[in-house]
Amino acid sequence: MIKQTLMFKNPADLSLRQNQLVIRQKDIDREVTRPIEDIGVIVIESQMVKMTVPLLNELANQNVAVIFCDERTMPKSMLMTLEGNATLQESYRAQAEATLPMKKKIWKQIVETKIKNQSKLLHKIGKDGDVLKSYYMNVKSGDSDNREGTAAKIYWNMLLGQQFKRARDGTPPNNLLNYGYAILRAAVARALLGSGLYPAFGIFHRNRYNAFPLADDMMEPYRPFVDETAYHLYYDGNHSELDQDAKFELQRILFCDVKMGQVTRPLEIALSSTTASLLKAFRNETDKLSLPLLE
C-alpha cells in the first residue's frame, strides 16, 4: 500500500489517540486525525510544532520516517526506530558478515544502474544520453576506476550546463536537489529498516559523522528521479527558490512510476523491493539486486 506523506509548515500540536495521529492547529477550532498505519513520511517544517512522546514512539513502531527541518526549512534530522522486523538479529549478522567481494559486486550494480538512469534522463530531455553508455557498460567490480565520478561530471554539465557545480551550498537548483535528496534519503532509510537492515552499516559510503551510510548507498540509482523533477521545476517552472509548490512536487517523487524488470510500480514500493533484494544478497540467496530504471 502506498503511504501518505504529511507536511507541517504551520504551528500545530500533534498527539496520539487510539493509533491515530491527532492534529490540532492554532486558530482552528477542530482536530483532524490520520491512521498512523497509513503514513509513510512526516515532514516537520515549522519550529512551533509540538509532538508528544507517545506519538513519537508509535511513529517509530510503525516505521514512519519523521523528518525535522531547521529554521531554513531544510531537512536536518530524522526519527529512526532502534527495532526492526522479527528476524532483526539474523539480518544484522548477515549484513555485518558480508564479504568484501560481495560488497564490490553490489556496488558495481548500483553504479551501473545510476549511470544508466542518468543516461535515460538526458535522453528524456532531448540530449545525447549515449555519451554515458561507455561508462555504465564498463563498470568494474567495486567501481575501482571511479566511473561514477567521471560520468557525473559529464552528466551535470549536460543536464544543467557547463556553469553548474553540484554543491550543497551552491547556486540553484542545488537547493531543489538538496531537498529532494533529503526526502529520498529518509524514504530509503525507512525501507532499509522495514527490511531488517541497519542504515549505519554502509557498503561504499563511510563517514564517522554519518548515521545513514547504507541509505546513501542505496539511494544512488534513485537520484535521477529527483534530478528530473528538479530540472523541470527550475527550467519549466522557473523555481529558483524552494517554495511550497517546489517542495510539494519534490515530495511527490515518492509516488512517481519506476520500472523494475517488467513491472512498473510507485517509487516508494520500489524502494522496498530494492532493500529486500539487498538483504537476500547479504544472505547469499541472490547475486542480483532489484534496481529501478527511469522510464
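Guide: One term to begin with: contact means heavy atoms within 4.5 Å. Keep in mind too that this is a predicted model.

Visitor: Okay. Which residues in α3 meet α8?

Guide: On the α3 side they are K114, N117, Q118, L121 and K124. They meet R223, P224, F225, D227 and E228 in α8.

Visitor: How do those divide into nonpolar, polar and charged?

Guide: The contact of α3 with α8 has 3 nonpolar, 2 polar and 5 charged residues.

Visitor: At what angle do α3 and α8 pack?

Guide: The angle is about 25°, and the axes are 9 Å apart. Angles under 35 degrees count as roughly parallel, so α3 and α8 are roughly parallel to each other.

Visitor: Is their crossing left-handed or right-handed?

Guide: α3 passes α8 in a right-handed crossing.

Visitor: Now α5 and α8. How do their axes cross?

Guide: Helix α5 covers residues 147-160 and helix α8 covers residues 223-235. Their axes come within 11 Å and cross at roughly 25°. That makes α5 roughly parallel to α8. The crossing of α5 and α8 is right-handed.

Visitor: Which residues meet there?

Guide: From α5 there are Y155, W156, L159 and L160, and from α8 there are P224, D227, Y231 and Y235. That contact divides into 7 nonpolar residues, no polar ones and 1 charged.

Visitor: Enough helices. Where is G126?

Guide: G126 sits in the loop between α3 (100-124) and α4 (133-136).

Visitor: Buried or exposed?

Guide: G126 has a relative accessible area of 68%. Exposed means over 50%, so G126 is exposed.

Visitor: And what separates G126 from N157?

Guide: G126 and N157 are 31 residues apart along the chain, and their C-alpha atoms are separated by 14 Å.

Visitor: Last topic, strands. In what sense do β3 and β4 pair?

Guide: Strand β3 (residues 20-25) and strand β4 (residues 31-35) pair in the antiparallel sense, over 5 bridges. In that pairing, Q20 stands opposite P35 in β4.

Visitor: What do β3 and β4 form, and what is in the turn?

Guide: They form a hairpin, with 5 residues between the two strands. The turn includes D27, which has a positive phi of about 70°.

Conventions
Residues numbered from 1 in each chain as written. Predicted model: local features only at pLDDT ≥ 70, side-chain atom pairs only at ≥ 80, totals over all residues. Heavy atoms only, no water. Helix = DSSP H or I, 4+ residues; strand = E, 2+ residues; numbered from the N terminus. Buried < 20%, exposed > 50% of the residue type's maximum accessible area, 1.4 Å probe, protein only. Axes fitted to C-alpha atoms, helices over the stretch in contact; angles between N-to-C directions. Parallel < 35°, antiparallel > 145°, perpendicular 65-115°, else oblique. Left-handed = near helix turned anticlockwise from the far one by under 90°. Nonpolar A, V, L, I, M, F, W, Y, C, P; charged D, E, K, R; others polar. Pairing = 2+ DSSP bridges.
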